[in-house]
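I wanted to see what I could look up, piece by piece.

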Amino acid sequence: MSQDLLDRIDQRTRLAGHNRLALLLFRLGSRQLFGVNVFKVQEVLPRPPLFTLPQLPPAFSGAADVRGRTVPVLDLARVIGHAGEDGGEPRYLVVTEFNRSVQGFLVAGVDRIVNIAVEQIQPPPELGGDSHYLTGVTRHQGELIQLIDVESVLAESVPRASDAGNLSALPVHGGSREVLVVDDSRVARNQIRAVLQQLGLESTLLSDGRQALDHLQALVQAGQSPCERYAMVISDIEMPAMDGYTLTTEIRRDPALRGLFVLLHTSLSGVFNQAMVERVGADDFVPKYSESELAQRVAARIGALR
C-alpha cells in the first residue's frame, strides 16, 4: 500500500458539490473490489494487535489501540458474509468516522483512491442476502466495484436505542404534513421515517437525488405543486446518481421548486459541510444521527407553517 494513499484526502473536499465521489477501494478476499466514501476514512493501517473488551457487542472482533485511542474493530468480510473468500486473514485496518463515532474495519487489502462521477453509480441489485449492505455498484477500469453501506453494517452490529425518548405528534395548524426523504442508506431512511411517524408526519422515501428531482419535476408536469405537497425535503449529501448538494442546487434553479424547504444531513465529519450547505442554498443542516436533534429541526419547520 502506498504511504501517501490518504495524504490527498483534504484535496478531495473540492469534489463536494460537483456530483463526484472519492472512493477508497479495498478487497475482502482475492477477487471482489469494494469501495467506501473516502470522507468517512480517517486512516489506513497495517493490522494492529487486537484486544478484548467486555462491553463490546458480539459482532466485534475486538479493539485496537490507534494512536492512544481505543477503537472497536469489525471484521468486514465476516459481518457481510464474505468470510469464505480466499484472501487469508485481513491485513489492514480502515479507521472510519461517521454518525458521530469512530470504528475500524478489517479488510484483506487496500487498493487505491479513485474519483467516480455519481451518475456512473447504479443502485444495487435487489437480490436479497448481503445486497442490503450495498448503497450502489459501479465500474472503474473494467472492474466491478460494490459500495458498502457502512451505516447499515454498523447499525446491525451495534443496535442503538433512540435518543429522542417518546416523541409526541405535532399539533395540526394547517399546511403540509408530508416530508420527502432522500437517502441511499436503507437504515437511514427507516430511522428518519420512524421519527416522522412519531411526529405524526407522512413521508415519501427515495434513494438518491436523481430520483428525487425526477419525482418533483413529474409532480410539476402533472399540475401539482411540490411546495404544497411537501412541508420539507430531508436529503442525505453523499448519494449515487445525484448528491444532495447538486439536488439542492437544482431545486433552487427551478422556479417551480425553489420554494421547497431543504434540510441536508450527513454522516460525515468536517467543517466543509456547513460552508457547502450555505453555498448551495439549503435551509438547514444536521449531522447524522440524533433523533432528538432531527425531531427538533422538523418540529421547527412544521411550526413555521402555521
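My notes follow, from the whole chain down to single residues.

**Ground rules.** This is a predicted model, so I noted that local features need pLDDT of at least 70, side-chain atom pairs count only at pLDDT 80 or more, and totals for chains, interfaces and linings use all residues. Residues are numbered from 1 along each chain as its sequence is written, and side-chain values use heavy atoms, with hydrogens and water left out.

**Whole chain.** I looked up the helices and strands first: the chain has eight helices and 15 strands. Both are DSSP runs numbered from the N terminus (helices are H or I, at least four residues; strands are E, at least two). Of the 306 residues, 53% count as buried, where buried means under 20% relative accessible area, exposed over 50%, and partly exposed in between, with a 1.4 Å probe and protein chains only. Next I checked contacts, meaning heavy atoms within 4.5 Å. Among contacts with a separation of 6 or more, 65% are between residues 24 or more positions apart.

**A sheet.** What is the strand order in the open sheet of five strands? I read it as β8-β1-β2-β10-β9, with mixed pairing. Two strands pair if DSSP finds at least two bridges between them. β8 (109-117) and β9 (134-140) are at the edges with a single partner strand each, so one side of each has no neighbour in the sheet. I then zoomed in on β2 (residues 33-37) and β10 (residues 143-148), which pair in the parallel sense over three bridges. Leu33 stands opposite Ile145 in β10.

**His140.** I stayed with the sheet and found His140 in strand β9. Is His140 buried or exposed? His140 counts as buried, because its relative accessibility is 19%. Leaving out residues up to four places away in sequence, His140 touches Arg112, Val114, Ile116 and Ile145.

**Cores.** Nonpolar side chains tend to be buried together in soluble globular proteins, and I went looking for that here. A nonpolar core is a set of buried Ala, Val, Leu, Ile, Met, Phe, Trp, Tyr and Cys residues joined through side-chain atoms within 4.5 Å. The largest one has 30 residues, and Leu24, Ile80 and Val153 have the most contacts inside it. Elements that each supply at least two residues of this core include β1 (20-27), β3 (41-46) and α1 (76-79). Val153 touches Leu74, Leu76, Val79, Ile80, Phe105, Tyr133 and Ile148, not counting residues up to four places away in sequence. There is also a second, separate core of 24 residues, which includes Val182, Leu206, Leu260 and Val280.

**Helix α3.** I checked the length of α3 (residues 186-198): at 1.5 Å a residue its 13 residues should span 18 Å, and its end C-alpha atoms are 19 Å apart, which agrees. (The expected span is 1.5 Å times one less than the number of residues.) Its buried residues are Val187, Ala188, Arg189, Ile192, Val195 and Leu196. Among the elements that cover them are α2 (150-157), β11 (178-182) and α8 (291-304).

Leu199 lies in the loop between α3 and β12. Leu199 counts as buried because its relative accessibility is 3%. Its C-alpha atom is 5.4 Å from that of Leu170, 29 residues apart along the chain. Setting aside neighbours within four places in sequence, the contacts of Leu199 include Leu167, Leu170, Ala295 and Val298. My last entry is Gly200, which takes a positive phi of about 80° just after α3.
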